[in-house]
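Please walk through this structure with me, starting where the chains meet and then moving into one of them.

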Amino acid sequence: MQFGIFTVGDVTTDPTTGTTPSENERIKATLAIALKAEEVGLDVFATGEHHNPPFVPSSPTTTLGYIAARTEKLILSTSTTLITTNDPVKIAEDYATLQHLADGRVDLMMGRGNTGPVYPWFGKDIRQGIPLAIENYALLHKLWREDVVDWEGKFRTPLQSFTATPRPLDGVPPFVWHGSIRSPEIAEQAAYYGDGFFHNNIFWPMEHTRKMVDLYRRRYAHYGHGTAEQAVVGLGGQVFMARNSQDAVREFRPYFDNAPVYGHGPSLEDFTQQTPLTVGSPQEVIERTLSFREDVGDYQRQLFLMDHAGLPLKTVLEQLDILGEEVVPVLRKEFARLRPAGVPDAPVHPAVAAARAAAAPKEV
Amino acid sequence: MFETTPLKIVAVAAGLSSPSSTRLLADRLAGAARERLAAGQDRRVEVEVVELRDLAVDIANHLVTGFPSAGLRKALDAVTGADGLIAVTPVFTASYSGLFKSFFDLVDNTALTGKPVVIAATGGTPRHSLVLEHAMRPLFAYLRAVVLPTSVYAASEDWGSQGDEYTEGLPSRIRRAGGELASAVTGRTVSGATRVPTLDDGEDAVVPFAQQLAGLRTG
């Protein structure tokens with residue numbers, strides 16, 4: 001099982017100090033957070049993609065390319081790559097390049113994006129969100145698997161005798177996750193291709209997440225990629241920790257109360273009860289996270305949101321220390337112990353798999 | 001033959017005070033519909049009143065978070081699952097109240113298609129009675145509900161008067177609206193509701209992928 005972090009990349013004022021980081025500070029903080037993720041033994045760093053303030057990550061492969069050069073083990077991913085408004089040809093080129101730079105340590109999560117004006121800014125129509133996601137991904141899938149592509153669709157200039165370069169590393173396309181909170185069409189798309197399905201369940205009740213994942217698993221089996229239990233599932237999570245619960249709640253409350261998305265709404269207590277947000281001791285985070293498998297089955301990737309709502313870099317790095325040192329080692333052991341033999345790991349590039357096998361302790 | 005599923009009448013009342021004349025009007029309308037239904041057929045009739053005041057914070061939270069609390073989910077399910085709906089708002093600043101509108105903003109925009117609805121409002125003065133026609137009726141027309149001809153407006157003075165030679169009093173307007181709702185509910189053999197499959201329908205919620213792809217083919 002893979003553990004990691006995903007970032008939205010928001011520039012938000014720290015409500016406790018009134019300090020707002022500059023874009024430069026936020027971008028540099030993102031790099032420091034990614035390097036810390038590798039240092040504390042996490043497997044994955046994923047960045048969001050946004051094209052409007054207050055977000056900075058508009059150019060994910062630039063950022064991920066930098067991180068690739070400064071890390072050795074970390075898998076670089078996205079949360080999400082906008083399959084609707086990006087040209088699939090450019091996605092094919094950018095991420096294949098990144099794959100070469102990172103020696104295969106790359107995968108992607110496709111998402112549609114829910115900021116209305118971004119669509120027209122990129123010449124698209126938000127009402128066509130699902131058809132765009134379907135057609136653009138169909139083209140991307142082909143570009144990474146066929147050397148010479150002839151193609152015609154509804155949304156893009158046709159291609160005749162087009163070759164996307166560089167070709168994927170060792171001829172193996174990056175693994176793709178499809179992220180969606182509430183569209184069954186996207187669960188169906190992931191199942192059809194035998195790709196991964198990621199449910200960012202941080203804002204919604206677990207009951208809903210369970211239904212979406214269940215639909216994906218059944219359709220995955222329907223399309224003959226394996227049993228429902230073998231489908232490749234990822235979940236979001238959101239935690240804030242301190243030695244004891246009361247301190248965690250006290251420290252996190254001002255950030256929660258003023259957070260973009262859910263701030264100025266329900267109380268911290270209601271929200272932690274209704275959604276997977278966990279604010280408490282490392283042990284409470286371990287118990288809550290382990291409970292996810294009871295709702296969605298044994299899964300392959302758990303990403304945590306750690307650096308949003310104006311939390312200062314220092315705090316985020318401390319949180320990552322706790323996550324990497326106290327939480328993830330226990331989760332790794334417990335998830336491995338509970339997982340039935342037939343449930344696979346998330347696919348990684350063969351070069352990455354070989355390196356991991358070589359680094360793993362030998363059985364005696 | 002006696003049918004076991006009861007007919008369900010749900011009244012939504014957006015009054016804020018307690019006791020509330022808006023709630024009172026909702027109860028009276030539900031009572032009138034129940035009386036007519038009980039007389040006209042032999043299915044059991046269930047009446048449920050949803051008071052939005054109790055859900056005010058949940059409604060605001062749903063607007064912010066995108067998902068309902070358990071209590072609000074129950075109220076939304078009651079409204080969308082009703083055989084007949086009664087919607088009553090106080091008149092605030094020349095229209096339905098913000099709480100009333102916020103609640104109906106959270107109802108899926110196809111969930112009320114074909115549903116018989118009685119609209120009603122309360123106010124301090126009779127001068128606002130056309131709120132029913134210029135605000136309430138268009139709202140439910142947008143939601144493709146079947147809004148019944150008689151809408152009921154109760155100004156403070158209506159609770160203590162009997163009408164005059166030109167206008168019926170409040171009790172007879174309530175009886176007429178309740179009767180219209182009862183007829184619409186029992187006469188509703190085929191509804192035009194286009195229910196969109198949800199995750200609760202399991203695999204029926206998806207259009208097979210090949211069909212989605214084919215829909216995009218050009219030429």
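**From the contact into chain B**

The contact takes 25 residues from chain A and 17 residues from chain B; two residues touch if their C-beta atoms, placed from the backbone, lie within 7 Å. On the side of chain A that touches chain B, α5 (129-143), α6 (184-193) and α7 (206-222) of chain A each supply at least two residues. Helices (H or I, at least four residues) and strands (E, at least two) are DSSP runs, numbered from the N terminus.

This is a predicted model: local features need pLDDT of at least 70, side-chain atom pairs count only at pLDDT 80 or more, and totals for chains, interfaces and linings use all residues. Residues are numbered from 1 along each chain as its sequence is written, and chains are lettered from A and ligands numbered from 1 in the order in which they are written.

Now take helix α4 (residues 98-105) of chain B. Here B:F100, B:F103 and B:F104 are buried. A residue is buried if 20 or more other C-beta atoms, placed from the backbone, lie within 10 Å of its own, exposed if 12 or fewer, and partly exposed in between. Seen down the axis of α4(B), the buried residues fall within an arc of 90°, so they line one face of the helix. The arc is that of the directions from the helix axis to the C-beta atoms. Their cover includes β1, α2 (56-65) and α5 (131-142) of chain B.

Finally, find B:G160, in the loop between β7 and α6 of chain B. Why is B:G160 exposed? B:G160 counts as exposed because it has 7 C-beta neighbours inside 10 Å.
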